[in-house]
Amino acid sequence: MNARTRTVLATALVLGIAAGPAGPALAAAPRPAATTPAYSAPDSEALTAAIAGLPDASATAALVRISGSDGRWRGSSGVHDLTSGRRADPNARFRAGSVTKVFTAATVLQLAAEKKVDLDRPVRAYLPDLIPAAYAKVTVRQLLNHTSGLPSPDFPGTTVEEWYANRFHVFSPREMVADATAKKRLFPAGTQQNYTNIGYTVAGLLIERVSGHPYESEVARRILKPLALHGTSFPGTDARIHGPHNRGYQRMTLDDGSTGLRDVSVWGTTDGWAAGDLISTTADLERFTKALFSGRVVRGPLLEEMFTLPDDSVRDYSTGRPAAFSVGLTSWKLGGRQVWGKSGGRWGYNSGIGGTRDLSRTLVYSVNSTDAKGQDTNKTVLNLIVATFGKPAAV
């Protein structure tokens, strides 16, 4: 991959990997015309090369599943852990990060289909005790497509070392929302787009209020159990990944003052909650992606919410580029086709799901990145995206 391609794609695919705001380079692409060429069979040589050489400085393992009308490809590389050096488990569980948002969005859309939630109704109508009058005009849809104008709450630390020191801190969703809504809005609701976790934290509380059940049990009842996603779970306050998993590592300053890799497999995720705490497998996420895109999770017209971007007047708050986030998903233009999906990052783990609307090609990956929440997208992820879908459009 040349430097130009890497720079363009990195700008686009950083979305959802970092917890904070990110600016899309590839967005608002029209749905591909009927003349778009069909995919050929997955390029096994290019895909094998994309994940070859692990572990290296940027990643210790990679798990990949590709499917589509022209065939499928499965691959894994790297190690289970750096101490033993044994091969990575292709069926391992991992932290899926912001891929959680797709499950949360789908659950809200199911509630909307049942007339329990109105996407155009202010969130304050459902959570009057939590959403103050300053945010009275924010609608449910605006929460889900990142146009609410809600700022992020404050967290204890800005560096990875500070976050590591607080890795077992238990964050309260209600307290995070109260902290965020006590601040001045970033912009009037619906006028700009700013990717953050806070809208989905509110959405998790909305699910609980409307359903009368804990967020985790409601998503499990509606999605995990019907799709038999047996390797997918919500950890709650448990900082461990239960079941088989490849160890995650993060480059940081160590206790002796040197820079090196620290095992970060055990790390609490309550700061992410409904926006980013899911644990899953590539097989489960592939099954979920196919079911979602084919209308078996969200049915009828409401599914279009996940494949519809805000209108052209809505621009990214940080960059001024066109909005790239729909309800739950992100849009990219790759290989001349529109690709929809979601990436995620937790310390030690990058993950992603994606595919064309017609499911002619899908990709699910987990890459054990050594800087999973850094500004630069992992090179193994970049190479996988290009090998699967093709190069991005020029910016």
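Helices here (H or I, at least four residues) and strands (E, at least two) are DSSP runs, numbered from the N terminus. The model is predicted, so local features need pLDDT of at least 70 and side-chain atom pairs count only at pLDDT 80 or more, while totals for chains, interfaces and linings use all residues. Residues are numbered from 1 along each chain as its sequence is written, and side-chain values use heavy atoms, with hydrogens and water left out.

Let's start with a pair of helices. Two packed helices are described by the angle between their axes and the distance between the axes. Helix α6 (residues 173-181) packs on helix α7 (residues 198-211) at an angle of about 130°, and their axes are 10 Å apart. (Axes are lines fitted to C-alpha atoms, for helices over the stretch in contact, and angles run from 0 to 180 degrees between N-to-C directions.) That angle makes α6 oblique to α7; under 35 degrees would count as roughly parallel, over 145 as roughly antiparallel, 65 to 115 as roughly perpendicular, and the rest is oblique. On the α6 side, the contact (heavy atoms within 4.5 Å) is made by P173, R174, M176, V177 and A180, and on the α7 side by I198, T201, V202, L205 and R209. Sorted by class, that gives seven nonpolar, one polar and two charged residues. Here Ala, Val, Leu, Ile, Met, Phe, Trp, Tyr, Cys and Pro count as nonpolar, Asp, Glu, Lys and Arg as charged, and the others, Gly among them, as polar.

Now look at which parts of α6 are hidden. Its buried residues (under 20% relative accessible area; exposed is over 50% and partly exposed in between, with a 1.4 Å probe and protein chains only) are P173, M176, V177, A180 and T181. They cover an arc of only 120° around the axis, which puts them on the same side of α6; the arc is that of the directions from the helix axis to the C-beta atoms. An α-helix has 3.6 residues a turn, so residues three or four places apart point the same way. The buried residues of α6 pack against α7.

L130 lies in the loop between α3 and α4 (140-144), and at 9% relative accessibility L130 counts as buried. Leaving out residues up to four places away in sequence, L130 touches R174, V177, T181 and L205.

Next comes the pairing of helix α3 (residues 100-113) with helix α8 (residues 215-224), at an angle of about 80° and with axes 10 Å apart. The two are therefore roughly perpendicular to each other. Among the contact residues are F103 and L111 of α3 and Y215 and I223 of α8. Seven of its 10 residues being buried, α8 is mostly covered. What covers the buried residues of α8 includes α3, α7 and α9 (282-293).

Most residues other than glycine have a negative phi, and most peptide bonds are trans. A228, in the loop between α8 and β5 (249-253), has a positive phi near 55° and is partly exposed, with a relative accessible area of 30%. L359 sits in the loop between β11 (349-356) and β12 (361-369); its phi is also positive, near 65°, and at 22% relative accessibility L359 counts as partly exposed. As for the peptide bonds, a cis one joins L54 and P55, with omega about 5°, and P55 is in the loop between α2 (44-50) and β1 (59-68).
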